[in-house]
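Please examine the structure shown here with attention to its salt bridges. The paragraphs that follow lead through one group of charged residues and the helix beside it.

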Amino acid sequence: MAEVRFEQSAAEYLAGSHLELYLADCVETLLASRDERPLEAIAEYLGEVCAGRHVSGREFSFCNASPHNRASLMSVTAQSLKRFDGTMPLSATDFHQLVCLLCPDFPRHLVMEAATLLSPSEPSRLEQASFNVHVLLEQLQCCLYFSEYLREIKPLLLRASDPTAAAATLNNSCQNAQSTFSVPTRTTVERCCSRLGVLVEYESLCREMAKDPEVLQLFQMSG
């Protein structure tokens, strides 16, 4: 991975690391506050970014702007739901309202997409369905973090005569585009496909990815 990094141009490195996003946001925050300790304020801001606490209350465009921001939003959501009784069922609409407490304009369709993967049904019935809040969160994490990848893989799996090979092929083709969007590792895709055997379909692959240990680790922030 290090060798690939050193082969990148300056523009590719900056795009892949999203440094410009954070530097611009840091400067905007600093100018708004006019902090009398600018260097300390910058250090504090970057500390919040590293800990994943910088997304609370921010608009979705910012929360969705980088893989780290996506993971951070899901991490703070998980932290806020820790006290929630997982045995008590919750509707997708109510769950969406909880997420909106942290990201006011979080798209409802992402929550409904995650709910549909867990409980395929007609839209009218889906509105009445109830979910384990932690299971729904795991599925939402996957749908948000890998949204571009899942959008690409869905038609491929629908067309493929061998879905396992199709998933691996797409994963390989996406490895060169990680600066644009996040893809699961090849080992994650292979592990999920192995668990599914011959029953690899888009919906089943999404459900397996959502609970894969390597994927879940993405949302464990150090702060």
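In this predicted model, Asp 212 and Arg 191 form a salt bridge whose closest N and O atoms are 2.8 Å apart. The two partners come from distant parts of the chain, 21 residues apart: Arg 191 belongs to helix α13 (residues 186-196), while Asp 212 sits in the loop between α14 and α15 (213-216).

The side chains of Arg 195 and Glu 208 meet in a salt bridge, with an N to O distance of 2.6 Å. Arg 195 lies in α13 and Glu 208 in α14, so this pair ties together parts that are 13 residues apart in sequence. Arg 195 is partly exposed at 41% relative accessibility; Glu 208 has 12%, and because buried means under 20%, Glu 208 counts as buried.

Glu 208 also forms a salt bridge with Lys 211, the closest N and O atoms being 3.5 Å apart. Lys 211 counts as partly exposed, at 48% relative accessibility.

These residues belong to one network of salt bridges, which links Arg 191, Arg 195, Glu 208, Lys 211, Asp 212 and Glu 214. The count of salt bridges comes to 12.

Helix α14 (residues 202-210) is mostly covered, with 7 of its 9 residues buried. Besides Glu 208, the buried residues of α14 are Tyr 202, Ser 204, Leu 205, Cys 206, Met 209 and Ala 210.

Methods
Residues are numbered from 1 along each chain as its sequence is written. This is a predicted model: local features need pLDDT of at least 70, side-chain atom pairs count only at pLDDT 80 or more; totals for chains, interfaces and linings use all residues. Side-chain values use heavy atoms; hydrogens and water are left out. Buried means under 20% relative accessible area, exposed over 50%, partly exposed in between (1.4 Å probe, protein chains only). Helices (H or I, at least four residues) and strands (E, at least two) are DSSP runs, numbered from the N terminus. A salt bridge is a side-chain nitrogen of Lys or Arg within 4 Å of a carboxyl oxygen of Asp or Glu.
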